[in-house]
Amino acid sequence: MSAPPSTLLAPTTVVARPSVARRVPRLRALDGLRLIAALMVAAYHYGGRDGEIGEAWGSSPAVQFPTAHEWFAYGCLGVQIFFVISGFVICMSGWGRPLRSFFASRVSRLFPSYWVAIVLVTAVFALPPVTYAAVSPSDALVNLTMLQQPLGVDRVLGVCWTLWAELRFYALFALCVVLPGANRQRVVLFCAVWTLAAAIAEAANWPLLDLVLMPEYAPFFIGGIGLYLVHRDRKDITAWGIVGVSWLIGQHYAVDRLWHAPNPEFFSYRSSLGIIAVVTLGYVAVAAIALGWLNRVDWRWLTTAGALTYPFYLVHEHLGWVSVAALHRGLGLPSWTTFGLTIVAMLVLARLLNRYVEEWGTPLIRRKLTGR
């Protein structure tokens with residue numbers, strides 16, 4: 001399972017009416033939580049699973065991190081936390097915003113770093129010293145659309161499956177909430193209908209319904225939307241009900257997909273209680289932010305941390321393989337030193353993408369799409 005997100009998430013700019021825009025205070029604690037979720041996913045990719053990363057280390061990560069790999073295995077749940085954050089932020093940023101503006105904000109946020117990451121990973125994998133195979137030129141071009149997953153094309157970035165989930169969520173939210181105009185009643189109805197429809201899709205076992213309604217991931221997006229309603233009114237019992245139901249269903253899917261009986265043939269064993277605990281902590285963290293309990297966590301550097309999350313998420317997995325191989329097998333550095341330096345290297349690369357790609361590309365694309 002790769003992981004995210006997200007996010008994959010846009011700046012918290014809210015428009016009260018189509019003609020009047022106002023900027024709400026940025027929830028910097030939410031930026032920090034994004035980075036924590038991204039680092040969880042990175043820990044999973046570097047030390048919590050087997051596969052290509054084992055080739056980079058020269059042995060299984062279970063050998064490199066005899067105890068820590070069991071904890072790193074829970075890092076994949078950073079994806080579910082990303083989805084909860086995404087539900088919160090997309091509801092916040094789409095509230096009162098016209099469809100064209102919403103569409104422009106999503107495209108301008110997602111694509112600049114994504115395009116560069118596709119080109120960068122493809123180019124690095126094409127280098128003779130790199131043993132990982134690059135996708136075909138045709139498949140690499142299709143990857144630029146972000147639609148490689150439904151088209152059955154080889155992925156340049158393993159984590160892009162989460163972007164495909166995000167795109168479907170954006171489409172559902174845009175059509176059902178943003179287009180007719182967001183208000184509490186419409187958002188509550190959207191959450192209720194999506195929850196019921198996703199359950200029906202699971203029971204029907206019809207691929208088209210699964211594709212559109214995403215039963216496995218819907219609870220986390222819906223939970224984030226419910227927590228945004230709580231942020232608007234902490235006494236909203238209906239919103240709390242949405243959060244509670246989404247948590248109950250979400251933990252079920254997390255356990256169902258990630259738990260297995262103890263088996264030496266599996267790389268690692270996650271207990272069901274451990275999975276439930278991580279999912280719960282994700283909900284609790286976003287709830288604490290929604291309720292204002294973390295308003296004092298207002299350090300400016302958290303805004304930068306939040307800005308690094310998406311480009312870091314895009315590049316960390318595949319380029320991390322290359323970094324681990326070069327540092328550990330090439331230079332002979334110890335496992336933990338390699339792990340730390342690889343994280344730092346990916347964060348530095350993410351900062352470069354943010355500074356030289358996103359800071360000019362995002363506003364440029366947004367202006368072109370909105371005509372302003």
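Predicted model: local features only at pLDDT ≥ 70, side-chain atom pairs only at ≥ 80, totals over all residues.
Residues are numbered from 1 along each chain as its sequence is written, and side-chain values use heavy atoms, without hydrogens or water. Local features need pLDDT of at least 70 and side-chain atom pairs pLDDT 80 or more, whereas totals for chains, interfaces and linings use all residues.

Helices are DSSP runs (H or I, at least four residues), numbered from the N terminus. Helix α9 covers residues 160-178 and helix α10 residues 184-204. Their axes come within 10 Å and cross at roughly 130°. Axes are lines fitted to C-alpha atoms over the stretch in contact, with angles from 0 to 180 degrees between N-to-C directions. On the α9 side, the contact (heavy atoms within 4.5 Å) is made by Phe-169, Leu-172, Phe-173, Cys-176 and Val-177. Arg-186, Val-187, Phe-190 and Trp-194 contribute from α10. Eight of these residues are nonpolar, none is polar and one is charged. Here Ala, Val, Leu, Ile, Met, Phe, Trp, Tyr, Cys and Pro count as nonpolar, Asp, Glu, Lys and Arg as charged, and the others as polar.

Helix α1 spans residues 28-47. Of its 20 residues, 17 are buried, meaning under 20% relative accessible area with a 1.4 Å probe, protein chains only.

Thr-309 lies in helix α15 (residues 301-330). Its relative accessibility is 1%, so Thr-309 counts as buried. Leaving out residues up to four places away in sequence, Thr-309 touches Asp-31, Arg-34, Leu-35, Ala-38 and Phe-82.

Conventions:
Helix = DSSP H or I, 4+ residues; strand = E, 2+ residues; numbered from the N terminus. Expected span 1.5 Å × (residues − 1). Buried < 20%, exposed > 50% of the residue type's maximum accessible area, 1.4 Å probe, protein only.
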